[in-house]
Every structure is written in structure tokens, then in C-alpha cells.
Amino acid sequence: MSALDDIRETIEKNDVVLYMKGTKMMPQCGFSSRVAGVLNYMGVEFTDVNVLADPEIRQGIKEFSDWPTIPQLYVKGEFVGGCDIITEMTLSGELDTLFETKGVAFDKAAADKIREANA
Amino acid sequence: MPMEGKDIEALIRAAFPQAKITVTDTVGDGNHWAAEVVDEAFRGMNRVQQQRAVYASLKGKMDGAQGELHALALTTKAPD
């Protein structure tokens, strides 16, 4: 299977997917760590794909989304953004809205806590 | 060879001549940068589209393990 087919299948089969450097338990880059940390803290169930484990996926995901950086978050098959966008959306509450609209379970109180801590 | 702030700004400036561009060295190591780009061209674009346009202006410098730009945090918006 080609890397692009692999990516397509992964984001179709899993509601929330984070392509990242390292794993959600052990991120290996500050930007990946920040997004994984937000999702973990908000209690979102997500699939992590470590791009460092597969050079073809690492290159493929950039072509797939036309986005040159990692991490990349996908919700219900749709590319949402990288670290800066996810951070902004978390603080503005747009990420909550997105999860609500897409039917993804998350801990609203935890999300509010992140916003309080960064207010 | 890592890029300097003025090189980053020049590349973005070439694509967005009228933009307000602020490039900051976030940790002072010449390797971790933040850029804020405020431009009328972003109006009506979502954040993904806005940042894609900025990445495009950087002409592949973010790409790959050997990319000259190791870390660039982006903030994009249209003027208030």
C-alpha cells in the first residue's frame, strides 16, 4: 500500500488522528508534545502516528495535506491544522465547537481549565 | 546553516508586500522563530489557508529533516 493510501485509510478509520514526532506517551518534539498534551488533557481519544518511525509516512503526510510541518491533526478525515492553529483554537474555544459538531467526546471542564490557566 | 530573522521576513515580504510582519527569535538561539503576519490578503481565508500561503512563501525551507527552518511558529490574520 502506498503511503498516501495508508494515510487515507488511517484518517477514515479513526475519528481523531495526530501525526506527530514521537508518540502520545513520549513525544519527541515540542510542537508535537503541545498538541498531544492538549488532547490528552482534554480526555480526547485519539490515534497517534509517529512519523519518525516511517520516512514514507513522514513525507507522505506533507504531500497529503499540502502542509510542510508536523504535527498535523485530523478529525473525522479532515485536516484541522498544525500546532499554532490547534493552540489558537483551544484558547478561543473553537476546538470545543469542532469536537461538539463532529461528535467527538471530550472533557469540557478540562478545556476550560486550559483557558483559565492561559487567560 | 540556519536562517536569520531578516531572511525569513524577506521571503514572506516577497509574497505579502503590504503585510505587517513581526519575526521573533523565541529562545534566542537563532533556530526557533515565531512570525506574525497581518495582511488584507488573509480576509476570508481560514487559518489553514492563511498558513499554507505563508508556508508557500518560504519556498520549501520548512521541509524535510534538513530544512533550514527548524521551528517557525506562525500567527496569521487579517487586519482588525
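Which residue is the bridge partner of A34(B) in β3(B)? The answer is A73(B). The model is predicted, so local features are given only where pLDDT is at least 70 and side-chain atom pairs only at pLDDT 80 or more, while totals for chains, interfaces and linings use all residues. Residues are numbered from 1 along each chain as its sequence is written, and chains are lettered from A and ligands numbered from 1 in the order in which they are written.

Chain B first. Its open sheet has 3 strands in the order β1-β2-β3, with mixed pairing; strands (E, at least two residues) and helices (H or I, at least four) are DSSP runs numbered from the N terminus, and two strands pair if DSSP finds at least two bridges between them. Strands β2 (residues 32–38) and β3 of chain B run parallel and are joined by 7 bridges. At the edges stand β1 (20–25) and β3 (71–77) of chain B, each with a single partner strand, so one side of each has no neighbour in the sheet. Helix α2 (residues 47–57) of chain B lies across β2 and β3 of chain B, at about 125° to β3(B); angles run from 0 to 180 degrees between N-to-C directions, and axes are lines fitted to C-alpha atoms, for helices over the stretch in contact.

Over in chain A, strand β3 (residues 72–75) pairs with β4(A) in the antiparallel sense over 3 bridges, and Y74(A) sits opposite F79(A) in β4(A). The two strands make a hairpin with 2 residues between them. K76(A), in the turn, has a positive phi of about 50° although it is not a glycine. With 17 C-beta neighbours inside 10 Å, K76(A) counts as partly exposed; a residue is buried with 20 or more other C-beta atoms within 10 Å of its own, exposed with 12 or fewer and partly exposed in between, the C-beta atoms being placed from the backbone.

D66(A) is exposed, with 11 other C-beta atoms within 10 Å. P71(A) lies in that loop too, and the peptide bond from I70(A) to P71(A) is cis, with omega near 10°.

Now for the packing. The largest nonpolar core has 30 residues, and V17(A), L18(A), Y19(A), V35(A), L39(A) and I86(A) have the most contacts inside it. Such a core is a set of buried Ala, Val, Leu, Ile, Met, Phe, Trp, Tyr and Cys residues joined through C-beta atoms within 7 Å. A second, separate core of 14 residues includes M3(B), I8(B), A35(B) and Y55(B). Leaving aside neighbours within four places in sequence, L18(A) is in contact (C-beta atoms, placed from the backbone, within 7 Å) with V35(A), A36(A), L39(A), F46(A), D48(A), P71(A) and L73(A).

Helices α1(A) and α3(A) pack at an angle of about 70°, their axes 9 Å apart. They are therefore roughly perpendicular to each other (65 to 115 degrees; under 35 is roughly parallel, over 145 roughly antiparallel, and the rest oblique).

Finally, the contact between the chains takes 9 residues from chain A and 10 residues from chain B. On the chain A side, β4 (78–81) and α4 (83–92) each supply at least two residues.

Methods:
Two residues are in contact if their C-beta atoms, placed from the backbone, lie within 7 Å.
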